[in-house]
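Please look through the model below with this report beside it. The report takes it one region at a time.

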Amino acid sequence: MEMTTIHAVEKPRIRLEDIRITFPRTDGTELLVLNGVSLDVGIGEFVAVVGPSGCGKSTILRAISGLLTPSSGRVFIDEQEVAGTPDHVGFMFQKDALLPWLTVTGNINVGWNSEACRPASAGSDAGS
Ligand SMILES: Nc1ncnc2c1ncn2[C@@H]1O[C@H](COP(=O)(O)OP(=O)(O)OP(=O)(O)O)[C@@H](O)[C@H]1O
Ligand SMILES: [Mg+2]
């Protein structure tokens, strides 16, 4: 996906500055997903990113939420450069990322208990 600046707001809540994101391919080449993407989102703005499957929409969201670091360019939230996952940013994944052998509580606690990530724990947690 390539685009130029959508528009500039004075104090954007979210700002993407000339983002470039690539992923390594198995053959050693690079998949260029985002190139020169700049975007400002102002207070109270509702923004929809529309494009064909695979054009990089989720990649943009991952960069905003700090789950991905751009190959180049910068991401800001409330004028603070994003480095890691900001604690006040929510991110709704496109696909659920739940472990089906765990309960709701088990899924919530998964980060606290790495044992829970292993399917071997299926029997002990099922239905609790
Ligand atoms: N971690 C990754 N490693 C390698 N390639 C990736 C990775 N994440 C995404 N890609 C590739 O980057 C491209 C953009 O993916 P992305 O998920 O951002 O697309 P999308 O626009 O959200 O698509 P969809 O509409 O299907 O959700 C795709 O070709 C995808 O296969
Ligand atoms: Mg997507």
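## Terms and numbering

Two residues are in contact if their C-beta atoms, placed from the backbone, lie within 7 Å. Helices (H or I, at least four residues) and strands (E, at least two) are DSSP runs, numbered from the N terminus.

This is a predicted model, in which local features need pLDDT of at least 70, side-chain atom pairs count only at pLDDT 80 or more, and totals for chains, interfaces and linings use all residues. Residues are numbered from 1 along each chain as its sequence is written, while chains are lettered from A and ligands numbered from 1 in the order in which they are written.

## The helix α1

Start with the buried residues of α1. A residue is buried if 20 or more other C-beta atoms lie within 10 Å of its own, exposed if 12 or fewer, and partly exposed in between; these C-beta atoms too are placed from the backbone. In α1, the buried residues are T59, I60, A63 and I64. They sit on the same side of α1, because they cover an arc of only 140 degrees around the axis. (The arc is that of the directions from the helix axis to the C-beta atoms.)

What do the buried residues of α1 pack against? They pack against β1, β2 and β3. Just after α1 comes G66, with a positive phi of about 80 degrees.

## The strands

Two strands pair if DSSP finds at least two bridges between them. Strand β1 (residues 14-24) runs antiparallel to β2, and nine bridges join them.

## The nonpolar core

A nonpolar core is a set of buried Ala, Val, Leu, Ile, Met, Phe, Trp, Tyr and Cys residues joined through C-beta atoms within 7 Å. The largest one has 13 residues. I19, I21, L34, V37, A63 and V75 have the most contacts inside it. β1, β2 and α1 each give two or more residues to this core. β2 gives the most, with four.

## Around ligand 1

A residue is near a molecule or strand if its C-beta atom, placed from the backbone, lies within 6 Å of it. The residues surrounding ligand 1 include F23, L31, V33, K57, S58, T59 and Q94. β2 (30-41) and α1 (57-64) each supply at least two residues of this shell. The largest share, three residues, comes from α1.
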